[in-house]
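Subject: Handover of a structure and its findings

Dear colleague,

Please find the structure below, handed over for your study. The findings follow directly after it.

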Amino acid sequence: MYYNPSPYYPVYMPYRDLKSETLNAVTLFVDHGLKEAAFTSYSHAMTEVAAIAYLIGKGYNPQTAYQMVESWEVNEKF
């Protein structure tokens with residue numbers, strides 16, 4: 001939902017549908033986390049997905065964020 005107080009002074013809205021954009025961006029990593037949890041633990045998988053999402057939020061592209069977080073693991077532990 002976006003609030004535009006005046007039709008004469010448009011407010012910059014970078015996202016038309018923030019909900020869909022957000023959910024589409026994280027779905028791939030959520031699915032990865034669920035698969036990862038089967039081999040490690042839910043705590044480990046959630047940490048990994050959260051770290052990837054954080055790096056994406058900091059401006060890293062998703063593939064780089066994924067590779068970076070995976071590189072931090074030693075024997076499936078951070």
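Setting aside the neighbours within four places in sequence, A65 is in contact with I52, L55, I56 and Y60. Please bear in mind throughout that this is a predicted model.

A65 also belongs to the largest nonpolar core, which has seven residues in all. The largest share comes from α2, with four residues.

For orientation, here is the overall arrangement. The protein has three helices and zero strands, and its elements run α-α-α from the N terminus on. Of its 78 residues, 19% count as buried. Among the contacts with a separation of 6 or more, 31% are between residues 24 or more positions apart.

Next comes the packing of the helices. Two packed helices are described by the angle between their axes and by the distance between those axes.

Helix α2 covers residues 42-57 and helix α3 covers residues 62-71. They pack at an angle of about 135°, and their axes are 9 Å apart. Because of this angle, α2 is oblique to α3. The crossing in which α2 passes α3 is right-handed. On the α2 side, the contact is made by E48, A51, I52, L55 and I56; on the α3 side, P62, A65, Y66, M68, V69 and E70 take part. Sorted by class, the contact of α2 with α3 has nine nonpolar residues, no polar residues and two charged residues.

The second pair is α1 with α3. Helix α1 spans residues 18-37. The axes of α1 and α3 come within 13 Å and cross at roughly 25°. An angle under 35 degrees counts as roughly parallel, and α1 and α3 are therefore roughly parallel to each other. Their crossing is right-handed. F29, H32 and E36 of α1 make this contact with P62, Y66 and E70 of α3. By class, the residues of the contact of α1 with α3 are three nonpolar, one polar and two charged.

Yours sincerely,
A colleague

Definitions and conventions
Residues numbered from 1 in each chain as written. Predicted model: local features only at pLDDT ≥ 70, side-chain atom pairs only at ≥ 80, totals over all residues. Heavy atoms only, no water. Axes fitted to C-alpha atoms, helices over the stretch in contact; angles between N-to-C directions. Helix = DSSP H or I, 4+ residues; strand = E, 2+ residues; numbered from the N terminus. Parallel < 35°, antiparallel > 145°, perpendicular 65-115°, else oblique. Left-handed = near helix turned anticlockwise from the far one by under 90°. Contact = heavy atoms within 4.5 Å. Nonpolar A, V, L, I, M, F, W, Y, C, P; charged D, E, K, R; others polar. Core = buried A, V, L, I, M, F, W, Y, C linked by side-chain atoms within 4.5 Å. Buried < 20%, exposed > 50% of the residue type's maximum accessible area, 1.4 Å probe, protein only.
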